[in-house]
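Subject: A structure for you to look at

Hi,

Here is the structure I promised to pass on. Have a look around first, then read my notes below.

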Amino acid sequence: MNLNSKELVITKLEQGLPAITPAFGATLAEACAVCLNNQGYIQGIELTVQGEFTAVFNLYWQEVTDQMLRCWNDSEYTTEQAAYGIAFLIVKK
């Protein structure tokens, strides 16, 4: 674990943001969890962001259920929604 890393708890999307309702945030959080699970990542995986700023985040998400996998069975759409969710949290930091 990088000593300068920050926690990025994806389930915090469920609280909503100024322009995102809690229900939509929960939906994005599910998409993130399914994508990360499908790629075989483990809790605490490091995500390095480089661009306007550079930062390292450790990602944490909810357990993925069979029902979530059935619901989020379109990988392209799921990946798009997951990317939005992670981006919203990073920008908020």
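Let's start with Ile-90, which touches Leu-8, Leu-47, Val-49, Phe-53 and Phe-57, leaving out residues up to four places away in sequence. "Touching", or contact, means heavy atoms within 4.5 Å.

Before going further, keep in mind that this is a predicted model: local features need pLDDT of at least 70, side-chain atom pairs count only at pLDDT 80 or more, and totals for chains, interfaces and linings use all residues. Residues are numbered from 1 along each chain as its sequence is written, and side-chain values use heavy atoms, with hydrogens and water left out.

**The core**

Ile-90 also turns up in the largest nonpolar core, which has 25 residues; the members that touch the most others are Leu-8, Ile-10, Leu-13, Phe-57, Trp-61, Ile-86 and Ile-90. Helix H1 (22-38), strand E3 (55-60) and H3 are the elements that give two or more residues to this core. Which of them gives the largest share? That is H1, with 8 residues.

Some terms, while we're here. A nonpolar core is a set of buried Ala, Val, Leu, Ile, Met, Phe, Trp, Tyr and Cys residues joined through side-chain atoms within 4.5 Å. Buried means under 20% relative accessible area, exposed means over 50%, and partly exposed is in between (1.4 Å probe, protein chains only). Helices (H or I, at least four residues) and strands (E, at least two) are DSSP runs, numbered from the N terminus.

**Helix H1**

The buried residues of H1 are Gly-25, Leu-28, Ala-29, Ala-31, Cys-32, Ala-33, Val-34, Cys-35 and Leu-36. They pack against E3, helix H2 (66-71) and H3. You can check the length of H1 too: at 1.5 Å a residue, its 17 residues should span 24 Å, and its end C-alpha atoms are 24 Å apart, which agrees. (The expected span is 1.5 Å times one less than the number of residues.) After H1 comes Gly-40, which has a positive phi, near 80 degrees.

**Helix H3**

H3 covers residues 75-92. With 18 residues, H3 reaches 26 Å from its first C-alpha to its last, close to the 26 Å expected at 1.5 Å a residue. Its buried residues are Thr-78, Gln-81, Ala-82, Gly-85, Ile-86, Leu-89 and Ile-90, and these pack against strand E1 (6-9), H1, strand E2 (46-49) and E3.

Take a closer look at Gln-81, which sits in H3. Is Gln-81 buried or exposed? Gln-81 counts as buried because its relative accessibility is 6%. Leaving aside neighbours within four places in sequence, Gln-81 is in contact with Phe-24, Leu-28, Ala-31 and Trp-72.

Glu-80 and Cys-32 are 48 residues apart in sequence and 9.3 Å apart in space, C-alpha to C-alpha.

**On the surface**

Together with Phe-24 and Tyr-84, Phe-88 makes a nonpolar surface patch of about 270 Å². Patches are made of residues with over 30% relative accessible area and no salt bridge, where like charges are joined within 9 Å and nonpolar side chains (Val, Leu, Ile, Met, Phe, Trp, Tyr) within 5 Å. A salt bridge is a side-chain nitrogen of Lys or Arg within 4 Å of a carboxyl oxygen of Asp or Glu. Accessible areas come from the Shrake-Rupley method with a 1.4 Å probe; for residues, only the protein chains shown count as cover.

Glu-7, in strand E1, is partly exposed because its relative accessibility is 47%. Not counting residues up to four places away in sequence, Glu-7 touches Asn-58, Tyr-60 and Lys-93. Glu-7 and Cys-35 are 28 residues apart in sequence, with 18 Å between their C-alpha atoms.

Now find Cys-71 in helix H2. Its relative accessible area is 54%, so Cys-71 is exposed. The C-alpha atoms of Cys-71 and Asn-4 are separated by 36 Å, and the two residues are 67 apart along the chain.
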